[in-house]
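Subject: Structure for your review

Dear colleague,

Please find below the structure that I am handing over to you. My notes on what was found in it follow directly after.

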Amino acid sequence: QVQLVESGGGLVQAGGSLRLSCAASGLTFSSYVMGWFRQPPGKEREFVAAISRSGLNTYYADSVKGQFTISRDNAKNTVYLQMNSLKPEDTAVYYCAARNTLVVVTIKRKETYDYWGQGTQVTVSS
């Protein structure tokens, strides 16, 4: 059974940093594209970042480019999201997700992801 478990969320002041982790089990991790999504209060879940199976290619939402960095360690079955210069508008529940498809043009579409974690809350105070 596939499990994705996020950790590293919390409360941080504006301008601070957090590093989210997502540990995967029950799947061949290196065969999956991994993504991070977030859901702000009262809003739809939105794409944040994704990383190719090898880790060589990364994709970001325009809103987080230059601010967030996604990475993965296939030996540890873990994907990370380093978040710097956090702003109150980054407040959301952050989810990691896994997908098997290689179609890059759909990488930002949440419905193309096969597995999801339970989410971790990130709150940025002003």
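Two residues are said to be in contact, or to touch, when they have heavy atoms within 4.5 Å. The structure is a predicted model, in which local features need pLDDT of at least 70 and side-chain atom pairs count only at pLDDT 80 or more, while totals for chains, interfaces and linings use all residues. Residues are numbered from 1 along each chain as its sequence is written, and side-chain values use heavy atoms, with hydrogens and water left out.

I begin with S52. This residue touches V33, N57 and R72, leaving aside residues up to four places away in sequence. S52 sits in the loop between β5 (46-51) and β6 (58-60). Its relative accessible area is 10%, so S52 is buried (buried means under 20% relative accessible area, exposed over 50%, and partly exposed in between, with a 1.4 Å probe and protein chains only).

Next, the overall fold. The chain has 11 strands and zero helices; both are DSSP runs numbered from the N terminus, helices being H or I with at least four residues and strands E with at least two. The radius of gyration is 13 Å, close to the 14 Å that the globule rule gives for 126 residues, so the chain is as compact as a globular protein of that length. That radius is taken over C-alpha atoms, and the globule rule is 2.2 Å times the number of residues to the power 0.38. The C-alpha trace spans about 40 × 25 × 25 Å along its principal axes. Of the 126 residues in the chain, 44% are buried. Among contacts with a separation of 6 or more, 59% are between residues 24 or more positions apart.

Which residues form a disulfide? C22 and C96 do, with their sulfur atoms 1.9 Å apart; a disulfide is a pair of cysteine sulfur atoms within 2.5 Å. The pair links distant parts of the chain, as C22 is in strand β3 (residues 18-25) and C96 in strand β9 (residues 92-99), 74 residues apart. C22 counts as buried because its relative accessibility is 0%, and C96 counts as buried because its relative accessibility is likewise 0%. A search of the whole structure finds one disulfide.

Finally, the surface: the chain exposes about 6,300 Å², of which carbon and sulfur atoms supply 47%. These areas come from the Shrake-Rupley method with a 1.4 Å probe, and for residues only the protein chains shown count as cover.

With kind regards
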